[in-house]
Amino acid sequence: MKLPLAYSAEVTEALAKGRPIVALESTIITHGMPYPQNLETARLIENEVRAGGATPATIAVMGGEIRVGLDDETLETLAQADNVMKLSRADLAFAVAGGHTGATTVAATMICARLAGISVFATGGIGGVHRGAETTFDISADLEELAQTPVIVVGAGAKAILDLPKTLEILETRGVPVVTYRQDDFPAFWSRSSGLPSPLRADSAAGIAASFKMRETLDLEGGMLVANPIPESAEIPAATLKPVIEQAIAEAEAQNIAAKSVTPFLLQRIFELTKGKSLAANIALVQNNARLAAEIAKAMQS
Ligand code: PSU
Ligand code: MN
């Protein structure tokens, strides 16, 4: 059976000419940021990838079709839509078979990128082990995906709303290389350092590409997490965020927010409580990740 994939003209040309491509997710547009900053950010990061010499492929499911590369009109539709499905590994086939429209998380974007032959993907931060997971069992499917799908995910570490030590433990158990770019500490999304040492460190895009290729050579399944610290000029110190995150989590618990709604709820509350500062930092770090992902995509070709 033919794969239900539809490529934009730009991505079709890049694939035909063997040019470097960077996949981008769409949940960050529909569930991660408010309108209109979500749309502006989507365009900004696509342009960042282009400026870095690669082709952007934003991925989403539109009317049951997996779109690889979105035109501006579709980006606009997604950015303004309410009630778009949030698609992870568990939901992807259901949405496609049912003709639904949905945004892809890190996990689902990795699956689609692999089907499209794209091996580098830029995002903000991955999902991980939530605080209190020992009772809720809330662990993002992103971690499992990194363990099995061969795509390099460039993110600014994992969001500080998560339990970062447990997130790193699961990644280690599942054999996922966690490589921090040009520093020894694992970054915490809005802050450059989580206070936790990164399992691995790389200082060049070429080094990252080489170690990913070596996993293939050694027949090791799975992807790789490249943790790219937020630029210094844009970071929010961890100490400033700590009480804000604690308040947002307490509110989520009090309101019985669960499952897929947890991450979007927390991001929205942190945005409100920091008076928009978290969003500005979020935009800066995604842009920074798009830039590094373009470098890695180019390095993958040499
Ligand atoms: N990072 C952000 N905003 C987001 C997400 C990450 O700054 O909206 C999304 C990503 O799509 C990630 C998802 O894959 O949250 C994780 O959700 P969950 O914890 O429900 O798996
Ligand atoms: Mn979850």
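This is a predicted model: local features need pLDDT of at least 70, side-chain atom pairs count only at pLDDT 80 or more; totals for chains, interfaces and linings use all residues.
1. Start with the overall division.

2. Where does the largest pocket lie? Residues of both domain 1 (1-118) and domain 2 (128-302) take part in its lining, so the largest pocket lies between the two domains. The space in this pocket comes to about 550 Å³.

3. Look next at what surrounds that space. The lining of the largest pocket consists of 32 residues. Nearest the centre of the pocket are Lys86, Thr105, Ser140, Asp142 and Thr263. By class, the lining has eleven nonpolar, 13 polar and eight charged residues.

4. Which helices each supply at least two residues of this lining? They are α2 (27-30), α5 (89-97), α8 (141-148) and α12 (262-273). The largest share comes from α12, with four residues.

5. A helix pair to inspect is α3 and α4. In general, a packed pair of helices is described by the angle between the two axes and the distance between them. For helix α3 (residues 37-51) and helix α4 (residues 72-80), the angle is about 145° and the axes are 9 Å apart. The crossing of α3 and α4 is right-handed.

6. The residues behind that packing can be listed. On the α3 side, the contact is made by Asn38, Leu39, Ala42, Arg43 and Glu46. On the α4 side, Asp72, Leu75, Glu76 and Ala79 take part. Sorted by class, the residues of this contact are four nonpolar, one polar and four charged.

7. One peptide bond deserves a check. Is the bond from tyrosine 35 to proline 36 cis or trans? The bond is cis, and its omega is near 5°. Proline 36 is located in the loop between α2 and α3. Of these two helices, α2 supplies at least two residues of the pocket lining, while α3 packs with α4.

8. The other backbone detail concerns phenylalanine 137. Its phi is near 65°, which is a positive value in a residue other than glycine. Phenylalanine 137 sits in the loop between α7 (133-136) and α8. Helix α8 is one of the helices that supply at least two residues to the lining of the largest pocket.

Key: Residues are numbered from 1 along each chain as its sequence is written. Chains are lettered from A and ligands numbered from 1 in the order in which they are written. Side-chain values use heavy atoms; hydrogens and water are left out. Axes are lines fitted to C-alpha atoms, for helices over the stretch in contact, and angles run from 0 to 180 degrees between N-to-C directions. A crossing is left-handed if the near helix is turned anticlockwise from the far one by less than a right angle, and right-handed if clockwise. Contact means heavy atoms within 4.5 Å. Ala, Val, Leu, Ile, Met, Phe, Trp, Tyr, Cys and Pro count as nonpolar, Asp, Glu, Lys and Arg as charged, and the others, Gly among them, as polar. On a 1 Å grid over the protein atoms alone, a cavity is a set of points where a 1.4 Å probe fits but cannot get out, and a pocket is an open set with protein on both sides within 12 Å along at least five of seven lines; lining residues have an atom within 4 Å of a point. Grid points are joined across faces, edges and corners, and a volume is the space filled by probe spheres set on the points. Domain bounds come from an automatic or database domain assignment.
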